[in-house]
Structures are given as structure tokens and as C-alpha cells.
Amino acid sequence: MLVVMAGLPGSGKSTVAEAVGARLGLPVVSVDPIESAILSAGIDADQPTGLAAYLVAETIAESVVSGGGGIVVDAVNAVEPAREQWVRLAARRGIPIRFVEVVCSDAEVHRARLEARGRQLAHIAEPTWHAVEQSLDEWEAWGGQSGAVPRLTVDSVHPVPVLVDQVIGFLRG
């Protein structure tokens with residue numbers, strides 16, 4: 001199965017992705033460390049490194065699922081073309097796909113998490129709260145191909161174990 005996470009920076013998406021991957025014994029491929037590695041290689045930040053990171057993540061995910069395994073993809077997936085990338089991968093490989101959207105309904109909690117995190121990714125600055133607010137304005141509604149894929153939305157104000165149980169139930173249901 002291809003499990004694709006979506007959510008704003010600081011929403012808790014990576015934490016949930018890692019916990020779900022650990023519980024199911026699935027690898028997690030995360031776009032941000034890939035982009036950091038691309039930038040560390042000397043690729044200019046003016047280049048479309050974010051797009052390149054999504055394409056590298058897709059290549060890794062396809063390699064894993066073509067070998068019969070499942071994978072969790074950790075990426076913002078804010079726009080329909082990004083989401084459709086994963087739908088096309090699942091269709092090519094004939095495997096099920098599920099989206100898990102992570103939101104944080106408490107803006108103060110979300111902001112505090114964002115401001116407290118330090119992922120130690122070279123060349124990638126942590127987004128500011130203002131950048132997250134702008135991302136929310138740019139967030140595209142679920143529709144098109146990705147709108148037809150089963151999707152669970154979880155609220156990260158709840159404890160991670162509760163969220164993981166919700167996601168596992170969704171994936172097995």
C-alpha cells in the first residue's frame with residue numbers, strides 16, 4: 001500500500017508518518033530531507049529543488065512498492081498536481097493508495113510546535129508562522145484524481161498514539 005501524508009508544516013504530519021511507519025514496519029520517505037540533500041550537493045536554491053525532491057521521493061517509493069513493499073510518503077502535498085503524482089504511481093503499480101491529512105485545529109498549538117522544532121536540515125530554514133499562513137492560503141481543495149482516493153483527516157491536537165490508532169484503523173478498514 002502507498003500511504004501518502006499531507007498537511008501544513010508543523011501540523012504533526014512527520015511525527016504521525018514516522019509513528020505509523022514504525023507500527024506497520026513500513027519505510028517512510030520524506031521530501032524535506034531529500035530537498036536538503038539536493039541543496040547540500042550544491043544545486044542552486046533558485047532551481048526547482050522542491051519539485052526535484054518530490055520526484056526523487058516518487059522514484060524511491062516506486063522502487064519500494066515495485067518490490068512488493070508498502071511505504072509512507074511524508075510531504076506537504078498542498079496542491080493537486082503533487083497529490084496526483086502519488087495517484088498515478090499507485091495506478092502504474094496496481095496498488096492501493098490512501099491519503100492521511102494531518103491538521104492542527106488549535107492555531108496556538110500549531111504555531112508553538114512550529115516555532116519549537118529544529119529538524120537540523122542543512123540548507124532548509126524552518127518555515128515561519130507567516131509562511132504557514134501563506135501556505136494555508138495556497139492550499140488547494142481535494143478534487144480531481146486525489147479527491148476520489150480514500151482520505152482520513154486527523155487532528156494533531158490529540159495524542160500521537162490516538163492518531164496512529166486512527167490511521168491504522170483507516171488503513172486496515
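What follows is a short chat about the aromatic pair and the sheet in this model.

Visitor: What kind of model is this?
Guide: This is a predicted model, in which local features need pLDDT of at least 70 and side-chain atom pairs count only at pLDDT 80 or more, while totals for chains, interfaces and linings use all residues. Residues are numbered from 1 along each chain as its sequence is written, and side-chain values use heavy atoms, with hydrogens and water left out.

Visitor: How many aromatic pairs does the structure hold?
Guide: The structure holds 1 aromatic pair, where pairing requires that ring centres of Phe, Tyr or Trp (its six-membered ring) lie within 6.5 Å, and planes under 30 degrees apart count as stacked, over 60 as edge-to-face and the rest as tilted. The rings are those of Phe-99 and Trp-142, with centres 5.0 Å apart and planes at 65 degrees, so the pair is edge-to-face.

Visitor: Are those two buried or exposed?
Guide: Both Phe-99 and Trp-142 are buried, meaning under 20% relative accessible area with a 1.4 Å probe and protein chains only, whereas exposed is over 50% and partly exposed lies in between.

Visitor: And what lies over the face of Trp-142?
Guide: Arg-83 does, at 4.0 Å from the ring centre; the criterion is NZ of Lys or CZ of Arg within 6 Å of the ring centre and within 35 degrees of the ring normal.

Visitor: Switching to the sheet, what is the strand order?
Guide: The open sheet of 5 strands has the order S2-S3-S1-S4-S5 with parallel pairing, where strands are DSSP runs (E, at least two residues) numbered from the N terminus, and two strands pair if DSSP finds at least two bridges between them. The edge strands are S2 (28-30) and S5 (151-155), each pairing on one side only.

Visitor: How many bridges join S1 to S4?
Guide: There are 5 bridges joining S1 to S4, and Leu-2 stands opposite Ile-97 in S4.

Note on methods. Helix = DSSP H or I, 4+ residues; strand = E, 2+ residues; numbered from the N terminus.
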